[in-house]
Amino acid sequence: EMEKQDEVVLPGRAAIDTMMKNSADDFKKATDMALLIIRNIEQNPGEAKFRRLPTGNKKLRESFLNLAGSRALLEALGFTKEEDSWVLAPDANLAPLATVRDQLNERLQAVQREEQQRRDELIKARQDELKAKKKAQEDRRKAELDLAARQQRERAEKQASCPTKPSVATPLSFGRTDCELPKKGG
């Protein structure tokens, strides 16, 4: 039993390792397609349509078959290549499906965790950058206020050390300011 398990685990794991060499998006698409294939067979083990994967199917080809590691994964699942299809024989052992499904889910979750970690790191870096900019703005504003306060102190000190003399000019007054204007007519 352990030997049969190793027959599935090692090729499945090697195929998944190869699939991971594709871009992260391609790996996720291929994994989603592989999980769909596995789920359909597990839920409908007697239906031949789920055991035959036509190589001419554009969606299957673009999202799965054309990617590195996909064919090795199908072989690890027990599929064989025929003329225009990959086929899982009606009497094929379905145990590899669960093993490979678990491996795919494990790797997919690891990829998603790594992506989330990268997103979190980018967010933190952006937040740190914004904090640094805000601090720089606050520091500049504080320096401007400090400069204005220092200049005001210096002016006050200068005025205190050199008081100005009162003006000797004679105040001028225009018009009559010493009395009320006379009332007209009366």
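Helix α3 covers residues 58–65, and L60, S63, F64 and L65 are buried there. Look down the axis of α3 and those buried residues fall within an arc of 150 degrees, so they line one face of the helix. Keep in mind that this is a predicted model.

**Helix α3**
- Why can residues a few places apart in a helix point the same way? An α-helix has 3.6 residues a turn, so residues three or four places apart end up pointing the same way.
- At the start of α3, N57 gets involved through its side chain: an oxygen there comes within 3.0 Å of the backbone nitrogen of K59.

**R51, a buried charge**
- You'll find R51 in the loop that runs between α2 (24–43) and β1 (52–54).
- R51 is buried, yet it has no salt bridge. The nearest side chain of opposite charge belongs to D91, and that is 6.7 Å away, whereas a salt bridge needs the atoms within 4 Å.
- Setting aside neighbours within four places in sequence, R51 is in contact with P45, F79, W86, V87, L88, A89, P90, A92 and L94.

**D32 in helix α2**
- D32 is part of helix α2.
- Its relative accessibility is 45%, so D32 counts as partly exposed; the cut-offs for that class are 20% and 50%.
- D32 and L104 are 72 residues apart in sequence, and their C-alpha atoms are 9.0 Å apart in space.

Methods:
Residues are numbered from 1 along each chain as its sequence is written. This is a predicted model: local features need pLDDT of at least 70, side-chain atom pairs count only at pLDDT 80 or more; totals for chains, interfaces and linings use all residues. Side-chain values use heavy atoms; hydrogens and water are left out. Buried means under 20% relative accessible area, exposed over 50%, partly exposed in between (1.4 Å probe, protein chains only). Helices (H or I, at least four residues) and strands (E, at least two) are DSSP runs, numbered from the N terminus. The arc is that of the directions from the helix axis to the C-beta atoms. A polar contact is a pair of N or O atoms within 3.5 Å; within protein, one must be able to donate a hydrogen and the other to accept it, and residues adjacent in sequence count only if both atoms are side-chain atoms. Lys and Arg count as positive and Asp and Glu as negative; His and the chain ends are not counted. Contact means heavy atoms within 4.5 Å.
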